[in-house]
Amino acid sequence: MGIRDGALNNGVLPVQVSEDFLAKLFKAIEADPKTAVTVNLPDQTITLDATGDSEGFEINPYKKNCMLNGYDDIDYLMSNKDKIEAWEKTSFY
């Protein structure tokens, strides 16, 4: 498991942005430490609120689903209990 997966498993969303966007973020925060930044997980974007500058980011769809629903791995499996039980009834061991 990498650092990124560990962060996601603990409810921390690591977002990687381009160097240009990162420079804009730092410049805005240096000018005003209370600068607002919005991270939109469903749309996979991060936006500098003052300027509207925005950039997309990647996330594993499974991890995204877990974060949006507050699931850990067990919660995810339990949310699919009906599907798992249906599969078990049709599968041959």
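# Close-up views of a predicted model

View 1. Val12 is found in the loop between α1 and α2; helices here are DSSP runs (H or I) of at least four residues and strands are E runs of at least two, numbered from the N terminus. This is a predicted model, in which local features need pLDDT of at least 70 and side-chain atom pairs count only at pLDDT 80 or more, while totals for chains, interfaces and linings use all residues. Residues are numbered from 1 along each chain as its sequence is written, and side-chain values use heavy atoms, with hydrogens and water left out. Is Val12 buried, partly exposed or exposed? Val12 counts as partly exposed, at 46% relative accessibility; buried means under 20% relative accessible area, exposed over 50%, and partly exposed in between, using a 1.4 Å probe and protein chains only. Leaving aside neighbours within four places in sequence, Val12 is in contact with Ala7 and Met67, where contact means heavy atoms within 4.5 Å. Gly11 sits in the loop between α1 (3-9) and α2 (19-31) and counts as exposed at 54% relative accessibility. Gly11 and Cys66 are 55 residues apart in sequence, yet their C-alpha atoms are 9.2 Å apart in space.

**View 2. A sheet of three strands.** Look here for an open sheet with the order β1-β2-β3 and antiparallel pairing; two strands pair if DSSP finds at least two bridges between them. β1 (37-40) and β3 (54-56) stand at the edges with a single partner strand each, so one side of each has no neighbour in the sheet. From one strand to the next, the twist averages 15°. β2 (residues 45-48) pairs with β3 in the antiparallel sense over three bridges, and Thr47 has Ser54 in β3 as its bridge partner. Helix α2 lies across β1, β2 and β3, running at about 40° to β2; axes are lines fitted to C-alpha atoms, for helices over the stretch in contact, and angles run from 0 to 180 degrees between N-to-C directions.

**View 3. The largest nonpolar core.** Which residues make up the largest nonpolar core? Its six residues are Val17, Phe21, Leu25, Ala28, Ile46 and Leu48. Such a core is a set of buried Ala, Val, Leu, Ile, Met, Phe, Trp, Tyr and Cys residues joined through side-chain atoms within 4.5 Å. α2 and β2 are the elements that give two or more residues to this core, and α2 gives the most, with three. Not counting residues up to four places away in sequence, Leu25 touches Val37 and Leu48.

**View 4. One salt bridge.** The structure holds one salt bridge, meaning a side-chain nitrogen of Lys or Arg within 4 Å of a carboxyl oxygen of Asp or Glu. Asp53 forms it with Lys24, and the closest N and O atoms are 3.8 Å apart. Asp53 lies in the loop between β2 and β3 and Lys24 in helix α2, so the pair ties together parts that are 29 residues apart in sequence. Asp53 is partly exposed, with a relative accessible area of 28%, and Lys24 is partly exposed at 41%.

**View 5. One aromatic pair.** The structure holds one aromatic pair; rings of Phe, Tyr and Trp (its six-membered ring) pair if their centres lie within 6.5 Å, with planes under 30 degrees apart counted as stacked, over 60 as edge-to-face and the rest as tilted. The rings of Tyr62 and Tyr76 have centres 4.9 Å apart and planes at 90°, so this pair is edge-to-face.
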